[in-house]
Amino acid sequence: MTSRYKGIIALSALGLMFGAYSGVSNAQTAQTPPSDPGWYFGINAGYNKLSDSDNHIAGTTSTTPGTSTTSQALNVLGLGLIGNGSALLNTGGSLDGLCQLALGGTAIPLSGLLCKNTTTTGGGGTTTTPASNFATSFKGGLAGALTTGYSFNNGLRPELSVTYRKNDYDTVSTATGTTSASGSRTSIAGMGSLWYDFLDRASTVRPYIGAGVGANNVKLSGGGSSESKTAFAWQAGAGISYFMTAKDALSLDYRYLATNNITVGSIKTDYKANTIMLGYRHFLGEGNGKQVNPKCPVFPAGIAVGPDG
């Protein structure tokens, strides 16, 4: 397991331990979830599985230009009596003055009757690489996320999140067969989502469902090199929250994230992630009014209780 994975797990465990500690320490002063709107922040960590991917590399055609060489040779009455490229009669030779007339210090080429220019072109050509298709499968990986959002009374909960996912390649399949593969596929997705919490806000356990859109940076690594590209992404998911106190909740959810037809380097592919995460959310403020005071343990839902009961 890499140090990056260990860091994600440690950070998540720290958040969950803090949430559990808050739940125990506040058990006598807060027993129900918040009833009023409020901001929250959260941390999630879990397991990520990528769907098998179909990949395409487009064919390419490249042309290499030829090289041209121009030489002069003595031409008598239109007959090339002395071969081109001769060091004696070539313009690049030491005695190229035979094909030039010096008048007043100015060299004037004598073409046509006395001298002949010849251009020779060689080399060059066209190289064609055919298109190729291959499929990849992936090993299970880890995911970690940071979230922040606002919880409304009507159950709506807009949220911003940044999620990191990484999976190593398992196999690659071509027309000739399937072999094991090395390398990895990494994603950093920034998403804006809208969740809906079911049941009354006084409920300790609340299921939720939602969806969102955003941007996903996908990086393909292998063979000592890597390429990355950012493209549109969407996600949908569902889960369940358990409120330990008026300000602290644990969650367990599933999220499906997809980026379709993204071209990374020369490879056209897609990214489809199935992620299960355990999370912790902490609500800011005063616990939103639903405080339980030992002097007045029973009171109507949504009514705040003062310090004196």
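Rings of Phe, Tyr and Trp (for Trp, its six-membered ring) count as a pair if their centres lie within 6.5 Å. By that rule, Trp39, Tyr150 and Phe152 form one aromatic cluster. Select these three residues to begin. The model on screen is predicted.

**Stop 1: the aromatic pairs**

A search of the whole structure finds eight aromatic pairs. One of them is Tyr40 with Phe283: the ring centres are 5.4 Å apart and the planes stand at 45 degrees, so the pair is tilted. Tyr40 belongs to strand β1 (residues 38-50) and Phe283 to strand β17 (residues 267-283), so this contact ties together parts that are 243 residues apart in sequence. Display the surface around the two rings. Tyr40 is buried, with a relative accessible area of 1%, and Phe283 is buried at 2%.

Next select Trp195 and Tyr208. Their ring centres are 5.6 Å apart with the planes at 85 degrees, so the pair is edge-to-face. Trp195 is part of strand β13 and Tyr208 of strand β14 (residues 205-222), so the pair ties together parts that are 13 residues apart in sequence. Both Trp195 and Tyr208 are buried.

**Stop 2: charges over Tyr208**

Which residue lies over the face of Tyr208, at 4.9 Å from the ring centre? That residue is Arg157.

**Stop 3: the salt-bridge network**

Arg157 leads on to the charged residues. Side chains of opposite charge can pair when their charged atoms come close. The structure holds four salt bridges. Select Arg157, Glu159, Asp197, Asp253 and Arg255, which are linked in a network of salt bridges.

Start from Arg157 and Asp197, whose side chains meet in a salt bridge with an N to O distance of 3.0 Å. Asp197 lies in strand β13 (residues 184-197) and Arg157 in strand β11 (residues 156-174), so the pair ties together parts that are 40 residues apart in sequence. Is Asp197 buried or exposed? At 5% relative accessibility, Asp197 counts as buried, because the cut-off for buried is under 20% relative accessible area. Arg157 is buried as well, with a relative accessible area of 1%.

Move to Glu159. The side chain of Glu159 meets that of Arg157 in a salt bridge (3.6 Å, N to O). Glu159 also counts as buried, at 5% relative accessibility.

Now bring Arg255 into view. The side chains of Arg255 and Glu159 meet in a salt bridge, N to O 3.6 Å. Arg255 lies in strand β16 (residues 248-264) and Glu159 in strand β11, so the pair ties together parts that are 96 residues apart in sequence. Both residues of this pair, Arg255 and Glu159, are buried.

**Stop 4: a nonpolar patch on the surface**

Finally, select Phe152, Leu156, Leu194, Tyr196, Phe198, Leu199 and Ile209. These residues form a nonpolar patch on the surface, with about 610 Å² of accessible area together. Phe152 is the residue of this patch to compare with the opening selection, as Phe152 also belongs to the cluster with Trp39 and Tyr150.

Where is Leu156 found? Leu156 is in strand β11, the strand that also holds Arg157. At 32% relative accessibility, Leu156 counts as partly exposed, whereas Arg157 is buried at 1%.

Terms used
Residues numbered from 1 in each chain as written. Predicted model: local features only at pLDDT ≥ 70, side-chain atom pairs only at ≥ 80, totals over all residues. Heavy atoms only, no water. Buried < 20%, exposed > 50% of the residue type's maximum accessible area, 1.4 Å probe, protein only. Helix = DSSP H or I, 4+ residues; strand = E, 2+ residues; numbered from the N terminus. Phe/Tyr/Trp six-rings, centres within 6.5 Å; stacked < 30°, edge-to-face > 60°. Lys NZ or Arg CZ within 6 Å of the ring centre and 35° of its normal. Patch = residues over 30% accessible without salt bridge, like charges linked within 9 Å, V, L, I, M, F, W, Y side chains within 5 Å. Areas by Shrake-Rupley, 256 points an atom, 1.4 Å probe, with all protein chains shown as cover.
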